[in-house]
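This briefing goes through one protein model topic by topic. Keep the sequence and the structure open while reading.

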Amino acid sequence: MNRRSAGTAALAVAAAWVLVMLSCSTGADGPSKVIIFGVDAADWEVMGDLLRDGKLPNFQRLIDEGATGVSKTLLPLTKSPVLWTSIATGKLPEKHGIGGFVSVAARGDTVPFTGNARRVKAIWNILSEAGYRVAVVGWLVTWPAEEVNGYMVSDYVQYEQEHAIRLDRQTYPEDLFAEVDHLRVIPGNVSDDAVARFYPVSASPEEVQAAPWHKSYVKMIYATDETMRRIALHLAEKDVDLLALYLNGVDSFGHAFWHYRVNVKESPLSEIIDKYYIWVDETLGEFMDLMDDETLLVVCSDHGFHGPRRRPDGGIMLGIYMHGENGIIGLMGKGVKKGATIVDADVLDITPTILYALGLDVGRDMDGRVLTDAFEPDLLASRPVTFVSTYETGQREYGEPLKTPFDEKIKERLRAVGYIQ
Ligand SMILES: [Zn+2]
């Protein structure tokens, strides 16, 4: 190589480098990885005092460094499995087919809805088919665990805890169960000390004596969320592009202890909801720590929390009528506009927004839209929202909800919070 051509080559390299730098500085690249942190019933208003007092530093960081707003639930108020399926599919219940906690079978008996009854693809199916590695943990209505490009730990992993029964397809792949078994927390093994930060163990106030089920209830709900938290952190160590976690406790504790929070201020039970939010915030911090320069974090809830409502005749409406219309949405990380407010979001927008962020097409048959408020103008300018008519290619096999030995246990738990009769 003579001097001259060496100089030209050096120049070409320099020019290419400038181009690379330019394309980086325009922020045109979107994230290549996503973490979904799902918190059932999370509500900015319920968090209000805690945020003001600086007790939720990670939610505060989401507000300061990310784009946040209210995410409307579906109306009329509906149940969490319906909503979390809409979150994961971008579709209305009449399209996805998950109609509630339980399905009424032919002979009038009720069966909890199971994932095989879902008629459309979820974000983990779409991303799996696009070659992304996924890990889905604890998401409602995901048993039997689906074949994905990665890992699925179904919500039914918790129910085996108190039973010797081992169901098939609690995880995908099947042998993942053995790998995560030791991470499961069994409610009966949760010590009083382990829940002391939520539940007053030392005292024996009237409320505790009046409702002895409270302690075992707190242990059961905590055990489930702690199980899913541990498993999600374990799977995060593998090479995954989508990590999705669902936490239930804010909703379950809301249903059980709202009365104490609002009406019985001096009760030790009145602080359980706040204390649980603090635990969720710490957990959010752990998942923020997993982020790198390529990660988008999506924090969402399916509805807010309102407390009991009065019927026109003066009666109290519990169960889903305690759900508020305003859930939460927050995005943080690559491509997200720092400190932005997201306007007019609802639960249907999450899947389209994640697809857009990853540079994938949005399904025209999805009922949500891309939350463009959340993204950097440069990203939006360099990458318009693109569409595909549908991801529902081929026939997704679906059928009636499947019965399991846990059905009575599940229904018992749903009755305890007033979700079913
Ligand atoms: Zn819910």
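Is Asp 302 buried or exposed? Asp 302 has a relative accessibility of 0%, so it counts as buried. The model is a predicted one, and Asp 302 is one of the residues that coordinate its zinc ion.

**The zinc site**

- For reference, the ideal angle for four tetrahedral donors is 109.5 degrees.
- Along the sequence, the donor residues follow the spacing D-x39-S-x221-D-H.
- Ser 80 belongs to helix H4 (residues 80-89), while Asp 302 sits in the loop between strand S9 (295-300) and strand S10 (304-305); the pair therefore ties together parts that are 222 residues apart in sequence.
- Ser 80 is buried, because its relative accessible area is 2% and the cut-off for buried is under 20%.

- Helix H11 covers residues 272-288, which makes 17 residues.
- At 1.5 Å a residue H11 should span 24 Å, and its end C-alpha atoms are 24 Å apart, so the two values agree.
- Of the 17 residues of H11, 12 are buried, so the helix is largely enclosed by the rest of the structure.
- Among the buried residues of H11 are Ile 272, Ile 273, Tyr 276, Trp 279, Asp 281, Gly 285 and Met 288.
- Helix H12 (residues 350-357) is mostly covered, with eight of its eight residues buried.
- The buried residues of H12 include Ile 350, Pro 352, Leu 355 and Tyr 356.
- After H12 comes Gly 359, which has a positive phi near 85°.

**The largest pocket**

- The largest pocket holds about 460 Å³ of space.
- It is lined by 20 residues, and the closest to its centre are Asn 125, Glu 146, Glu 147, Arg 396 and Glu 397.
- The lining of the largest pocket consists of eight charged, seven polar and five nonpolar residues.

**The cavities**

- Empty space of this kind is found by rolling a probe the size of a water molecule over the atoms.
- How many cavities of 30 Å³ or more does the structure hold? There are three cavities of 30 Å³ or more.
- The volume of the largest cavity is about 370 Å³.
- A set of 28 residues lines the largest cavity, and those nearest its centre are Phe 101, Leu 140, Tyr 159, Asn 248 and Leu 414.
- H4, helix H9 (213-236), helix H10 (249-263) and helix H14 (407-416) each give at least two residues to the lining of the largest cavity.
- H9 gives the most to the lining of the largest cavity, namely five residues.
- By class, the lining of the largest cavity has 16 nonpolar, seven polar and five charged residues.

**Cis peptide bonds**

- Leu 75 and Pro 76 are joined by a cis peptide bond, with omega about -5°.
- Pro 76 is in the loop between strand S2 (67-72) and H4.
- Tyr 172 and Pro 173 are also joined by a cis peptide bond, with omega about -10°.
- Pro 173 is in the loop between strand S7 (171-172) and helix H7 (176-180).

- Ala 41 is not a glycine, yet its phi is positive, at about 70°.
- The loop between strand S1 (33-39) and helix H2 (44-52) contains Ala 41.
- Ala 41 counts as buried because its relative accessibility is 0%.
- Asp 344, another residue other than glycine, has a positive phi near 65°.
- Asp 344 is part of strand S15 (residues 341-346).
- Which residue counts as exposed at 67% relative accessibility? That residue is Asp 344.

**An exposed loop residue**

- Asn 189 is placed in the loop between H7 and helix H8 (206-210).
- With a relative accessibility of 60%, Asn 189 counts as exposed.
- Asn 189 and Met 220 are 31 residues apart along the chain, and their C-alpha atoms are separated by 10.0 Å.

Conventions
Residues are numbered from 1 along each chain as its sequence is written. This is a predicted model: local features need pLDDT of at least 70, side-chain atom pairs count only at pLDDT 80 or more; totals for chains, interfaces and linings use all residues. Side-chain values use heavy atoms; hydrogens and water are left out. Helices (H or I, at least four residues) and strands (E, at least two) are DSSP runs, numbered from the N terminus. The expected span of a helix is 1.5 Å times one less than its number of residues. Buried means under 20% relative accessible area, exposed over 50%, partly exposed in between (1.4 Å probe, protein chains only). Donors are N, O and S atoms within 2.8 Å of the metal (3.2 Å for Na, K and Ca); water is not among the atoms, so sites may look incomplete. On a 1 Å grid over the protein atoms alone, a cavity is a set of points where a 1.4 Å probe fits but cannot get out, and a pocket is an open set with protein on both sides within 12 Å along at least five of seven lines; lining residues have an atom within 4 Å of a point. Grid points are joined across faces, edges and corners, and a volume is the space filled by probe spheres set on the points. Ala, Val, Leu, Ile, Met, Phe, Trp, Tyr, Cys and Pro count as nonpolar, Asp, Glu, Lys and Arg as charged, and the others, Gly among them, as polar.
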